[in-house]
Amino acid sequence: MDIYSQFQSKIKDYGAKCRMVSINHIQELESEFNKPINDSLVDRNLYETYIRDYIDFSIKEKYPKADSLIIIATPSPQVDLKFNIGNKDFLFKIPPMYSDRIEVTGRIKTITSDIFDYNGYSTFPIVLPKKLIAVKSGLAKYGKNNLAYVDGMGSYHRLTLFATDLPCEYDSWQKVQTLARCEKCFACQKSCPTSAISGDKFVIKSERCLAYLNEQSGAFPEWIDTTAHNCIIGCVKCQDSCPENKDYNSASMIKEEFDEKETHMIMNNIPFDELPENLQTKVSNLCLKYYYKHLSRNISPLIENYMN
């Protein structure tokens, strides 16, 4: 069994899938990624502030030996966190992908070390548009909500990407594919609480997306209805309403619990470094340290919605 097939077989043990594409597609990838921006379909300010300096297409210059890109999709269910407020328990959601980054990336690093490194091949960390690569590789298809849908997972997955000097013998590069169901379905558009999803495009109004807005600092825009909020971070409205997800939208599991004292510290914005060590560990293990400063603001409307 060749190296790539060994990797496919090993990640399959965790329900994951992958595709390989040649690094020679980077120029086309960059052009396709920039097209919605050049066509004014993406908010220019948002792109320049949060995206332009994050994505790096100079892979060939940074890693001259790199020959292939490998994109992996791993199942990632939404989970619940339990908070205790006034001796009452509250369950609040975290969407797929947010809370399992450490677990999934750690596992993939271990597998690549066991297979690629062991056989004399290198792997390289890269930052490229993973959804677009997943779709261009045939691993996924775009939905109208601009999420990538993977067969057997729907949109409930985490994408992981790396480059390698393993020769690309399984290049699956193809044209962008979209879900056929989306042509006549408007479930995500109707369920979007901020009207970020268009009926005729597969590019959303990112600047209106609640998942984007509750990851930013400051007060929420006044035009957002309090009842729109549904997660501690991110948003699951378009995913939960999507018929493509009906077979994967199982009941959420409680991944972590915060007692009344811990909840009180979070809601009172106690600086992360001043939290007890065990509470810092809880937040970090959930991959929420980066978003910690937003948690109190984001949880407040959830409590209000729950009480009403």
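Biologist: Which residue in β4 is the bridge partner of Leu81?

Modeller: This is a predicted model, where local features need pLDDT of at least 70, side-chain atom pairs count only at pLDDT 80 or more, and totals for chains, interfaces and linings use all residues. Residues are numbered from 1 along each chain as its sequence is written, and side-chain values use heavy atoms, with hydrogens and water left out. Strands are DSSP runs of E, at least two residues long, numbered from the N terminus. In β4, Leu81 has as its bridge partner Phe92.

Biologist: In which sense do β3 and β4 pair?

Modeller: Strands pair if DSSP finds at least two bridges between them. Here β3 covers residues 79–85 and β4 covers residues 88–94. Over seven bridges, their pairing is antiparallel.

Biologist: And Gly86, is that buried or exposed?

Modeller: Gly86 sits in the loop between β3 and β4, in the turn of their hairpin, with a positive phi of about 60 degrees. Buried means under 20% relative accessible area, exposed over 50%, and partly exposed in between (1.4 Å probe, protein chains only). With 56% relative accessible area, Gly86 is exposed.

Biologist: How many disulfides does the rule give?

Modeller: By this rule, the count is zero. Cys168 is in no disulfide either, and its nearest cysteine sulfur, that of Cys18, lies away by 12 Å.

Terms used. Helices (H or I, at least four residues) and strands (E, at least two) are DSSP runs, numbered from the N terminus. A disulfide is a pair of cysteine sulfur atoms within 2.5 Å.
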